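Please keep the sequence and the coordinates open while reading.

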Amino acid sequence: LKARREELRNRYLRRPDPARVLAAHAAVVDSLLAKLWQASVEDDGAALVAVGGYGRGALFPHSGVDVLVL
């Protein structure tokens, strides 16, 4: 996660495009949470739902990752 965040930071510094970087950051967290969820949760009736800025696909680098376990 740290390496991917650093990569996104460097990409932003080379070509500032906030919307693209925020969406890419959300995608990185999506990938990580999906792997953790699949490895940890065996209940097929449970879901992990992104909410807040993360749910909108605009995750700022130092924002909390808001999720709902349903």
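The points below go from the overall fold to single residues.

1. Basis. This is a predicted model, in which local features need pLDDT of at least 70 and side-chain atom pairs count only at pLDDT 80 or more, while totals for chains, interfaces and linings use all residues. Residues are numbered from 1 along each chain as its sequence is written, and side-chain values use heavy atoms, with hydrogens and water left out.

2. Fold. Three helices and two strands make up the secondary structure of the chain, and their order along the sequence is α-α-β-α-β. Helices (H or I, at least four residues) and strands (E, at least two) are DSSP runs, numbered from the N terminus. Along the principal axes, the C-alpha atoms fill a box of roughly 45 × 20 × 15 Å.

3. Of the 70 residues in the chain, 16% are buried. Here buried means under 20% relative accessible area, exposed over 50%, and partly exposed in between, with a 1.4 Å probe and protein chains only. Among contacts with a separation of 6 or more, 43% come from residues 24 or more positions apart; a contact means heavy atoms within 4.5 Å.

4. Surface. The chain has an accessible surface of about 5100 Å², and carbon and sulfur atoms hold 57% of that. These areas come from the Shrake-Rupley method with a 1.4 Å probe, and for residues only the protein chains shown count as cover.

5. Charges. There are 10 positive and 8 negative charges, and their mean positions lie 14 Å apart. Lys and Arg count as positive and Asp and Glu as negative, without His and the chain ends. Each charge is placed at NZ of Lys, CZ of Arg, CG of Asp or CD of Glu.

6. How many salt bridges does a search of the whole structure find? The search returns three, a salt bridge being a side-chain nitrogen of Lys or Arg within 4 Å of a carboxyl oxygen of Asp or Glu. Glutamate 6 pairs with arginine 9, with 3.8 Å between the closest N and O atoms. Both sit in helix H1, three residues apart, about one turn of the helix. Glutamate 6 is partly exposed at 39% relative accessibility, as is arginine 9 at 46%.

7. The linked pair of bridges. Glutamate 7 meets arginine 4 at 2.6 Å, N to O; these two lie in helix H1 (residues 2-14), three residues apart. Glutamate 7 also meets arginine 11, at 3.8 Å. Arginine 11 and glutamate 7 are separated by about one helical turn because they are four residues apart in helix H1. Relative accessibility is 38% for glutamate 7, 33% for arginine 4 and 22% for arginine 11.

8. Valine 28. Leaving out residues up to four places away in sequence, valine 28 touches Leu1, Arg4 and Leu8. Glutamate 7 is 21 residues from valine 28 in sequence, and their C-alpha atoms are 11 Å apart.

9. Nonpolar patch. Leu48, Val65, Val67 and Val69 form a nonpolar surface patch with about 290 Å² of accessible area together. Patch members have over 30% relative accessible area and no salt bridge; like charges are joined within 9 Å, and nonpolar side chains (Val, Leu, Ile, Met, Phe, Trp, Tyr) within 5 Å. Leucine 48 belongs to strand S1 (residues 48-50).
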